[in-house]
Amino acid sequence: MIRPYQITLLSLGILVSSLFGLNPKSFSYVIPIYRKNNINNLFAKINSPGNLAICRAEGNCGKNGEFTSLYYGHIDPSKLGGKRVLNQGFCSDYGKSKVGDIDGANQGCLRRIKSRLPRLTKLFKQHNIDINQHTAAYINAVDLWNQAAPRVSDNFPRLYAANVRKGLSINDAIRRSRVDAFNLSASGLFNICRREPYYISRLAKIPLNSTQWKRGCIDIDQNRRRLAINSVLINRGITK
């Protein structure tokens with residue numbers, strides 16, 4: 001998880017390091033535009049569109065693939081248990097790689113994301129959702145796997161299927177399902193909403209820690225991520 005516009009000294013320090021074969025400034029020159037919703041292509045490589053969408057949701061990439069300072073290293077803003085954990089790479093790897101090893105962070109991100117695809121694919125199939133026709137929803141589910149506890153991404157396909165059958169638009173179904181998937185349990189997000197001005201200002205009129213406040217906190221963050229993902233998918237020709 002990242003907080004909007006976060007820049008750390010560590011980010012700037014690592015900025016000058018090499019990226020072991022990747023373009024040092026962006027993914028933009030090496031990512032092809034995918035005209036077909038081929039699920040196998042979305043997360044195949046570090047610079048595949050699904051991974052770029054996650055990078056964008058994390059605040060580590062712009063919609064065209066350019067890296068932000070956060071990509072090179074930032075402290076995870078959730079600070080669960082009071083820990084200061086370094087995030088690196090396109091997925092914000094939560095301290096799983098050595099400081100400055102961006103290539104290692106990216107490879108770890110890729111392995112972890114790929115490890116969950118069979119389960120999420122199965123869950124969508126169980127609820128009769130064709131992921132080739134609901135590509136954005138599928139990528140949002142994978143983003144939840146990257147961001148939150150496993151239960152959250154596991155909840156998403158069921159909730160999404162129900163919301164689509166209620167007649168919600170694709171965008172509204174994704175937004176509501178992302179929020180409901182947390183079931184008001186999101187301690188890391190709540191830490192951010194209590195501390196960061198971006199969230200505090202938007203929740204100022206709602207009683208702190210109330211059910212409405214918790215839902216609002218989750219929605220602000222999840223809708224920000226949803227819109228970030230959409231911007232990449234539109235830019236890459238995955239969705240309109």
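Before you start, note that the model is predicted, with local features needing pLDDT of at least 70, side-chain atom pairs counting only at pLDDT 80 or more, and totals for chains, interfaces and linings using all residues. Residues are numbered from 1 along each chain as its sequence is written, and side-chain values use heavy atoms, leaving out hydrogens and water.

**Stop one: helix α10.** Select residues 211-235, the 25 residues of α10; helices here are DSSP runs of H or I with at least four residues, strands runs of E with at least two, numbered from the N terminus. Of these 25 residues, 18 are buried, so α10 is largely enclosed by the rest of the structure. Buried means under 20% relative accessible area, exposed over 50% and partly exposed in between, with a 1.4 Å probe and protein chains only.

**Stop two: Arg225.** Now show Glu58 as well: its salt bridge with Arg225 has the closest N and O atoms 2.7 Å apart. The pair links distant parts of the chain, with Glu58 in the loop between α3 (49-57) and β1 (74-75) and Arg225 in α10, 167 residues apart. A salt bridge is a side-chain nitrogen of Lys or Arg within 4 Å of a carboxyl oxygen of Asp or Glu. Glu58 is buried at 0% relative accessible area, and Arg225 is also at 0%.

**Stop three: Arg224.** Arg224 forms a salt bridge with Asp221, at 3.0 Å between the closest N and O atoms.

Methods: Expected span 1.5 Å × (residues − 1).
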